[in-house]
Amino acid sequence: MTPGQNRTLLVSQIKDGTVIDHITAGEALNVLTILGIAGTTTESLSIATNVASRKEGRKDILKISGRELRKEEVDRIALIAPHATINIIRDYEVVEKKGVTVPPVIKGVVKCPNPGCISNAKEPIESAFEVLGKELRCCYCDWMITKNIASHII
Ligand code: CTP
């Protein structure tokens, strides 16, 4: 057998669902957290991390079978994976491909690091951050998150 004859896909094609491709290498698990998908939820998931990409060195890929995610649901991942593409798959074909755009305000995804912020009080106030480039500003107390956004995900 010559080298390359035994090449197979690392993760198989899916029949129906959503493929999130070109995720920044190493961020797949944070993307799942942002999407609220955990091992205990019912979706069938395939996760590939640090795979070689034709476009940009290494990337992560998430395949979610049997569920079509809406662009609005996925846009929030642009914070940590700005080059991700969302592919909707039906009967093995890619029927839709879209990039992600950072929304102007992110609600309920990131916890404010300021213990005195009203969004951390017992009252049911959802966190809200204004997105300013790669930084976030709390809409309630103006606290800035300037790095490592993933570590502040709720
Ligand atoms: N894919 C899949 N199951 C399918 C069809 C596609 O898992 N039935 C995956 C592919 O493996 C790829 C992504 O969906 O990771 C997008 O598929 P496609 O557009 O065919 O690939 P590319 O042309 O390489 O995409 P791009 O141009 O976005 O890099």
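Me: How many cavities of 30 Å³ or more does the count give here?
Reply: The count comes to one cavity of 30 Å³ or more, a cavity being a set of points on a 1 Å grid over the protein atoms alone where a 1.4 Å probe fits but cannot get out. This is a predicted model, in which local features need pLDDT of at least 70 and side-chain atom pairs count only at pLDDT 80 or more, while totals for chains, interfaces and linings use all residues. Residues are numbered from 1 along each chain as its sequence is written, and side-chain values use heavy atoms, with hydrogens and water left out.

Me: What volume does the largest cavity have, and which residues line the largest cavity?
Reply: The largest cavity has a volume of about 40 Å³, the space filled by probe spheres set on grid points joined across faces, edges and corners. Its lining consists of L69, R70, K71, I86, I88, E96, K97 and K98, lining residues having an atom within 4 Å of a point.

Me: Where does the second largest pocket lie?
Reply: A pocket is an open set with protein on both sides within 12 Å along at least five of seven lines. The second largest pocket lies between domain 1 (17–99) and domain 2 (105–152), because both give residues to its lining; the bounds come from an automatic or database domain assignment. This pocket holds about 290 Å³ of space and is lined by 14 residues, with A78, L79, I80, K134 and I149 nearest its centre.

Me: How much area do domain 1 and domain 2 bury between them?
Reply: The size of an interface is often given as the accessible area lost when the parts come together. Domain 1 and domain 2 bury about 490 Å² between them, 83% of it on carbon and sulfur atoms, as summed over both parts with a 1.4 Å probe. The count of salt bridges between domain 1 and domain 2 is zero, taking a side-chain nitrogen of Lys or Arg within 4 Å of a carboxyl oxygen of Asp or Glu.

Note on methods: Buried area is the accessible area (1.4 Å probe) that two parts lose on being put together, summed over both.
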